[in-house]
Amino acid sequence: MAHTVRPLGTSTWAAFAELVERNNGVFGGCWCLGFHPERGQRGPVRRTLKEDRVRTGGAHAALVFDEDGVAQGWCQYGDPGELPGIKHRRAYDKDAPPRPDWRITCFFVDKKHRGRGVARTALAGALGLIAEAGGGLVEAVSEVTAGRDAPGRFLFTGTVELFEEFGFARGRQLGTHAWIVSRVVGPRPPEDGGEHGFEQA
């Protein structure tokens with residue numbers, strides 16, 4: 001299946017919003033605001049806050065489109081000021097690693113398109129967009145799934161195994177299954193047109 005990655009922005013907001021609305025606001029109305037400074041806000045205002053962030057350049061994601069041009073998932077990334085929220089914050093702060101240039105905080109895939117490589121494509125796209133923005137140290141807090149039955153709804157921060165496929169290394173363990181993972185992404189020139197094509201079996 002062919003997937004195309006485009007950055008979340010003014011031109012892709014409508015596609016992103018349609019994907020969120022198709023999935024009941026994502027996790028009961030999160031609107032992918034859970035790691036932003038406004039994460040404590042509740043209710044319909046979350047949609048407005050997310051849109052304001054997108055339209056002012058304060059929210060970043062690699063948005064994955066299917067062969068019909070419909071958005072089916074994303075990987076959210078941004079700098080620590082944009083995404084201050086961290087899972088296992090108390091454990092993280094006890095011995096905080098060097099401040100990253102970028103954080104990858106969450107993934108979402110439409111429930112009818114899971115298991116088709118959308119998350120993998122989204123991560124590849126996010127790393128490509130980070131490279132085009134100058135690269136740097138990229139961090140995530142993700143979960144190990146090998147050897148256990150891990151319900152998909154708890155894996156919105158991605159899996160350690162997926163990150164390791166893309167060259168991330170484990171740092172410090174934060175919880176029973178959670179790890180800080182990181183890697184340095186080198187810079188590269190932006191691609192023409194702002195679209196990134198990927199083929200997934």
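**Pockets, rings and folds**

Biologist: How much space lies in the second largest pocket?

Modeller: On a 1 Å grid over the protein atoms alone, a pocket is an open set of points with protein on both sides within 12 Å along at least five of seven lines. Points are joined across faces, edges and corners, and a volume is the space filled by probe spheres set on them. For the second largest pocket, this comes to about 150 Å³.

Biologist: Before we go on, which kind of model is this?

Modeller: Residues are numbered from 1 along each chain as its sequence is written, and side-chain values use heavy atoms, leaving out hydrogens and water. Local features need pLDDT of at least 70, side-chain atom pairs count only at pLDDT 80 or more, and totals for chains, interfaces and linings use all residues, since what you see is a predicted model.

Biologist: How do the residues lining the second largest pocket divide into nonpolar, polar and charged?

Modeller: Lining residues have an atom within 4 Å of a grid point, and here they are Val-26, Phe-27, Cys-30, Cys-32, Gly-34, Phe-35, Trp-74, Cys-106, Phe-107 and Phe-156. Ala, Val, Leu, Ile, Met, Phe, Trp, Tyr, Cys and Pro count as nonpolar, Asp, Glu, Lys and Arg as charged, and the others, Gly among them, as polar. The division is 9 nonpolar, 1 polar and no charged.

Biologist: How are the rings of Phe-35 and Phe-156 arranged: stacked, edge-to-face or tilted?

Modeller: Rings of Phe, Tyr and Trp (its six-membered ring) pair if their centres lie within 6.5 Å, and planes under 30 degrees apart are stacked, over 60 edge-to-face and the rest tilted. The whole structure has 11 aromatic pairs. Here the centres are 6.4 Å apart and the planes stand at 50°, so this pair is tilted.

Biologist: How far apart in sequence are the parts that the Phe-35 and Phe-156 pair ties together?

Modeller: Helices (H or I, at least four residues) and strands (E, at least two) are DSSP runs, numbered from the N terminus. Phe-35 belongs to the loop between helix H1 (13-22) and helix H2 (45-55), and Phe-156 to the loop between strand S5 (136-143) and helix H5 (160-165), so the parts tied together are apart in sequence by 121 residues.

Biologist: Which residue has its charged end over the ring of Phe-65?

Modeller: A charge sits over a ring if NZ of Lys or CZ of Arg is within 6 Å of the ring centre and within 35 degrees of the ring normal. Arg-170 lies over the face of Trp-179, 5.4 Å from the ring centre. Over Phe-65, at 5.6 Å from the ring centre, sits the charged end of Arg-6.

Biologist: How do the residues lining the largest cavity divide?

Modeller: A cavity is a set of points where a 1.4 Å probe fits but cannot get out, and the largest cavity holds about 90 Å³. Its lining includes Phe-35, Lys-87, Arg-103 and Glu-139, while strand S4 (102-109) and S5 each supply at least two lining residues. The division is 5 nonpolar, 3 polar and 3 charged.

Biologist: What is phi of His-88?

Modeller: Most residues other than glycine have a negative phi. Val-26, in the loop between H1 and H2, is buried at 2% relative accessibility and has a positive phi near 65°. His-88, in the loop between S3 and helix H3 (89-94), is partly exposed at 34%. Its phi is also positive, near 60°.

Biologist: What is the radius of gyration of the chain?

Modeller: The chain has 5 helices and 8 strands, in the order β-α-α-β-β-α-β-α-β-α-β-β-β. Over C-alpha atoms, the globule rule is 2.2 Å times the number of residues to the power 0.38. That rule gives 17 Å for 201 residues, so the chain is as compact as a globular protein of that length, with a radius of gyration of 16 Å.

Terms used:
Buried means under 20% relative accessible area, exposed over 50%, partly exposed in between (1.4 Å probe, protein chains only).
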